[in-house]
Structures are given as C-alpha cells and as structure tokens.
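Dear colleague,

I am handing over the structure that we spoke about, together with some notes for you to read beside it. Please go through them with the model open.

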Amino acid sequence: MGEKHKIILYSPKPRKHTFSSGMPYAMLKIASMLDRKRFDPKIISATPKYDYVKEIEEECKDALCFAVRALTGYDIIDAISVIKRVRKVNPDIPIIWGGWHCSILPKQTLESEHADIVVIAQGERTFVELAERLVKKESLKGLLGIGFKDKSGKITMNGDRPFENLDNFPPLPYDLINVEDYVDNFDGLRAMSYVTTQGCPFACKYCAEPMVFKQRWSALSNDRILKDWEFFVKEHNIEFMIITDDNFFIGEERIRDFCKKLIAKKWPLRWGRAQARVRQMLRFSDDTWRLIKKSGLYDIQMGVESGDQELLDFINKQLKVDETRQFVEKAREMGIRATPEGILGLPTPKMVGATQREWEAEWDRQLNSMFDLLDKCYGKTKDYDEIRFFAYDPYPGNPLYALSLELGFDPPKTLEEWGKIKPANWISNRMRTQLDMLMYFLFPYARDSYQERHIKRFKWLQKLFHKSAQWRWKHRFFDFPIEYKMYKFYTGLRTKITGVSATDHS
Ligand code: B12
Ligand code: SF4
C-alpha cells in the first residue's frame, strides 16, 4: 500500500455543555512517535467551531484505526456517541481507548462493545508498536501495555510496559493542530496549558496517579520545555503558561535550573497555576523561592487537603497541618500568591456503618478543621486571593475508593455508567449547597481586598455580601444561605442585563 495509514486521534468533550480549550497533549505525544512518511495522524478535538463529528466520519471511512482519550466522566459518554457514528461508516475499524479511565479499569472498558483495544498508562511507545501490528495485521499477543478483545469477544490483558523517561520521546508535532484553537485567556493574557512531567512519586490515598503510573515519575528536560515555550512565545505571542502537572515542584535542582534558564530568556511571560506538595516546596531554600518569583511565577496551588492531622495521616499526605501555615507565611513573605485546595467529605474507616446524621456531623467536623487552619493562615488579615474546596468523589482505583465501597457507594458497573460520575452517597444536598456557597460566595466575598478591587456598581449590596461572608466565616455558620441565593439572583440578573458574566467583576 503506497498510501499513508490514516490514524484518527480524538479528544472528546469533557462536559455536556462545555468544550475544552485544553491542548490535546496526550494525542500530540502519541502522534509524535509515528513515522510521518508512513502514517497520517489526524488529531481532532471536540469543538463548537465546526462539525467535527462529520469530519471524523469522513476520515474514518478509510482509516487504520480510531483512537480516543478519556478521563472518567463525561468524556466517555461523548466518546461512545462518536464511536457509534464511526462504526456506522466503518464497522470493522479498530477502536482504541487510551488515558486515565481505561488505564484504571482496562477489563471493564474492553467488556464494552465500544472498545477493541485499550492502551494502559504511558502510551507513546505502546501506540506506535500497536499501529505497526495493525498495519501488518499481526496478532496483538505479547504487545506490552495493552489489553484487547478478539473476534470471539475473548479479552486478553498483556503485561505492563516499563515506564520511560520523557526525554526518550520526540518533540511534539504542533503542526498537526491549529495551535490558536487552544489559546486560552488567563486574566486577560494569552495563555497556553503545558505539562512538564508524568507520574508522581507520592501515594496519596485519594489520587489516581499511584494507580496508573505506580509512583514512577519523569520530567522533560528544562531545555526541551523551554524550546516548546519559545515556540509559544515567539510564534503565538503567549503571555502566560498554565502548568497542568499534578505535582510540578519536584526536585529543587530541576526547579532552580528551570527558573534560571527562564529568567535568561527575558521573555515577556508569566507562568503559574502550578500544583505543589506543601512539605516538598517548604523545604526549598529562600534563594530558590526568590528565583521562582523572579522567573515570573504568578501563583501556586497547594494541596492542603484537610486541617485535621489524623485525616491527613490517614490519606497518606505526608504533611503536618502547621506546615501549611508555614507555607502560606513563606509565600506571603516572597510575594507569591498561593491557593490552598482542600477536600471535604473524605471517607474514613470510622464512618463504616455511619448514619447520614453522623455523616453530616463528620462533614461539619472536617469543615471546621479546615476553618481552624484557614484562621491560622488568614484569620487576622483575610489577605488571600483564592481558596478552593472540593467534595471527595469516589474515583476508581485507589485505597479510598475501596473504602467508599465499604461505605455503601454503589459503583458504576459498565463503561457507560462511568460516563455519569456519581457523587459519593454520603454527600448530601446540604453539603453540596454549603460547598457552592463557600466557593462562589463566601471565599470571594470574605476577602479583605474584594471590595477595593472589584466593585463598580451596587456598592451597598456588595458591601452587605462582604459583611455577611466575614460574619459567616467568624461564626462558622454555613446553613441557610439566604444571601448566597440573593447573590445568585443578582449575578444572574446582572448577566442578563449587561451580558457580563458573574465572575467578571472588573
Ligand atoms: C487537563 C486536565 C483536564 C482537562 C481535560 C482536557 C484535556 N485536554 O485533556 C479538563 C479540565 C477538562 C479536566 C477535567 C477533569 N479532570 Co482532569 N486533568 C487534566 C490534567 C491536569 C492534564 C491532562 C493532560 O493533558 N496530561 C498530559 C498527557 C500527556 O498525559 P495523559 O493524559 O496521562 O496521557 C498519557 C497516557 O495517559 C496515555 N494516553 C492518554 N490518552 C490516550 C489516548 C490514546 C489513544 C492512547 C493510545 C494513549 C493515551 O498516553 C499519554 C502519553 O503517555 C490531568 C493530570 C495530569 N497531569 O495528567 C488531570 C486528570 C486527568 N483529571 C482528573 C480528574 C479527576 C478530572 C475531573 C473528574 C475533575 C472534576 N472533578 O471535574 C474532570 C473530568 C471531566 C471529564 N472529562 O469527564 C484526574 C483523572 C481521574 C480519572 N480517573 O480520569 C487527573 C489525573 C488529575 C488527578 N491526579 O486526579 N481535566
Ligand atoms: S495528590 Fe498529588 S502528591 Fe499526592 S499522589 Fe496525587 S499527584 Fe502525587
């Protein structure tokens, strides 16, 4: 066959009503390994800009395979709806799944009629070998890093593939996509997401990382990272790099070298949203902190998780509550913005057999411990910029998920069911409303700087919100969120009248 083998790489829609503007890094990495003289990879992302499903249908008529990336959640629903259309135009095309969900539940994914092959964990080398075998119509037996289903429906799981250093893989083929489609907006700056590492050496009990990458970790060399950034800065006028690593600040030397090299570039560029483990970064020297600041870091997202030491120990966070306070102090001293991120509704062994009433009390306890911590960090000043709380969601494949089953979580049993992520059975409406109120009302309004910075109209109302948010914080009273409902009404009305969204206060 003289023609190139066409490969369709699809990045689905993450939510029913939203498209992702995130760069399809997984697909770029997979495509980077394919010999472009023989293969013709086509990266297609769900987008509101054109009829991409029609394009997929056209392209799949004579393609070698259709491959999709999916996280646990709506990705799966969208992927399946596209796969159904693909199968209509080409019933025999191999359907390959890759990414987090099928890496965690490979067998269950293959049990679905919508999957023929799954690629587990790091996909670069596995996929290129797989593509070769598909071209030669060879058996998939023994190909490390995959599971597959034969014509009779028999599922075979091959062994794990050794984890490779990221620098083993070629540069990313940005020519395969329209980079401009993935330019984001961050505080009015042209922004681009970027991931510098894979895996994580730690093993927090609620996280998917240890399950998928088995505590292995690799980072791109700083020169490679900066080569990509140069492309974004020079060719696409990118002003802000959004770091999407699960744990960016690993290795003080790596970070120091990175910052020094970035400073030397003298680009008009800032970077941030980078995730940090508190203890690890707290151990960095003052000189390293200064370098980080000088290199243009805008902010750090710190995984605080809980204010309860027993809970922190239980989830294996390897963190003392007071280290978070020290971190906030250090970041403040260095002039770096740090956003604490916490998880509420975490399952614990003592909740096995608990009634809903006991769960409500446990929620209040976890929430109070978070506020104890926040008071230590910001009690006097409220000089934070952002605080983010999330509810624990039972994702498959980690020790807390096993405990969630003991706590009565009814697990989705098929690939399709995983498309509709279910909240933990103990998370009540009261808890959800409190969480929404905290995230969208209390934290933004309790901040001292809120009024000076954002208010232009309805000053009296905003002032009222500010006072009530601070009162609620002080008295730890989060029920009956009447002002939050007023706030939602006000922002809804404001959006209707002005067309300015609730979050755009400037
Ligand atoms: C960006 C991102 C998003 C974006 C996704 C858009 C996008 N373009 O990817 C958005 C914001 C939409 C998102 C949403 C969510 N996310 Co998210 N997200 C990430 C993040 C930060 C980066 C993903 C990325 O690009 N990585 C870089 C690429 C290169 O790595 P990779 O995806 O692992 O790809 C490699 C392999 O997995 C494999 N591979 C991946 N895809 C494919 C496809 C094929 C065909 C093949 C062969 C191989 C393959 O090969 C690649 C190269 O080795 C990751 C954390 C992380 N660092 O990975 C979390 C992460 C993937 N997200 C996670 C979670 C929990 C969520 C949410 C559920 C959060 C929430 N509560 O709403 C939602 C789910 C929404 C949904 N889709 O259903 C979890 C995964 C949980 C899971 N079981 O899927 C992660 C790991 C974070 C964490 N540590 O908890 N997320
Ligand atoms: S939560 Fe962060 S530090 Fe913990 S295992 Fe996951 S990625 Fe690593």
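Residues are numbered from 1 along each chain as its sequence is written, while chains are lettered from A and ligands numbered from 1 in the order in which they are written. Please keep in mind that this is a predicted model, in which local features need pLDDT of at least 70 and side-chain atom pairs count only at pLDDT 80 or more, whereas totals for chains, interfaces and linings use all residues.

Domains

The chain is assigned domain 1 (5–157), domain 2 (183–392) and domain 3 (428–506), with bounds that come from an automatic or database domain assignment. Between the C-alpha centres of domain 1 and domain 2 there are 31 Å. Their contact involves 9 residues from domain 1 and 9 residues from domain 2, two residues being in contact if their C-beta atoms, placed from the backbone, lie within 7 Å. On the side of domain 1 that touches domain 2, α4 gives the largest share, with 3 residues. That side of domain 1 is made up of 5 nonpolar, 4 polar and no charged residues; here Ala, Val, Leu, Ile, Met, Phe, Trp, Tyr, Cys and Pro count as nonpolar, Asp, Glu, Lys and Arg as charged, and the others, Gly among them, as polar.

The sheet of 7 strands

Helices (H or I, at least four residues) and strands (E, at least two) are DSSP runs, numbered from the N terminus, and two strands pair if DSSP finds at least two bridges between them. An open sheet of 7 strands runs in the order β2-β1-β3-β4-β5-β6-β7, with mixed pairing. Its edges are β2 (39–45) and β7 (155–157), each of which pairs on one side only. From one strand to the next the twist averages 20°, where axes are lines fitted to C-alpha atoms, for helices over the stretch in contact, and angles run from 0 to 180 degrees between N-to-C directions. Strand β1 (residues 5–11) is parallel to β2, and the two share 7 bridges; in this pair H5 stands opposite F39. Helix α2 (residues 52–60) packs on the sheet and touches β1, β2 and β3, its direction making about 155° with that of β1. Helix α6 also packs on the sheet, touching β1, β2, β3, β5 (117–119) and β6 (146–149), and its direction makes about 155° with that of β5.

The sheet of 4 strands

A further open sheet has 4 strands in the order β8-β9-β12-β13, again with mixed pairing. Strands β8 (184–186) and β13 (270–272) each have a single partner strand, so one side of each is left without a neighbour in the sheet. On average, neighbouring strands of this sheet are turned by 40° against each other, direction ignored. Strands β8 and β9 pair in the antiparallel sense over 3 bridges, and F186 stands opposite L189. They form a hairpin with 2 residues between them, and D187 in the turn has a positive phi of about 50°. Strand β9 (residues 189–194) pairs in the parallel sense with β12 (residues 240–243) over 4 bridges; within this pairing, S193 has I242 as its bridge partner, and Y194 stands opposite I243.

Ligand surroundings

A residue is near a molecule or strand if its C-beta atom, placed from the backbone, lies within 6 Å of it. Around ligand 1 there are 36 residues, of which G22, G73, G98, G99 and G123 come nearest. By class, this shell has 17 nonpolar, 11 polar and 8 charged residues. Its largest share, 4 residues, comes from α1, and domain 1 and domain 2 each supply at least three residues. Around ligand 2 the residues include C200, C204, C207, D246 and R277, and the shell divides into 6 nonpolar, 2 polar and 3 charged residues.

Two single residues

A residue is buried if 20 or more other C-beta atoms lie within 10 Å of its own, exposed if 12 or fewer, and partly exposed in between, with C-beta atoms placed from the backbone. S449, in the loop between α17 (429–446) and α18 (450–454), is exposed, with 12 other C-beta atoms within 10 Å. K234, in helix α8 (residues 222–236), counts as exposed with 10 C-beta neighbours inside 10 Å.

With best wishes
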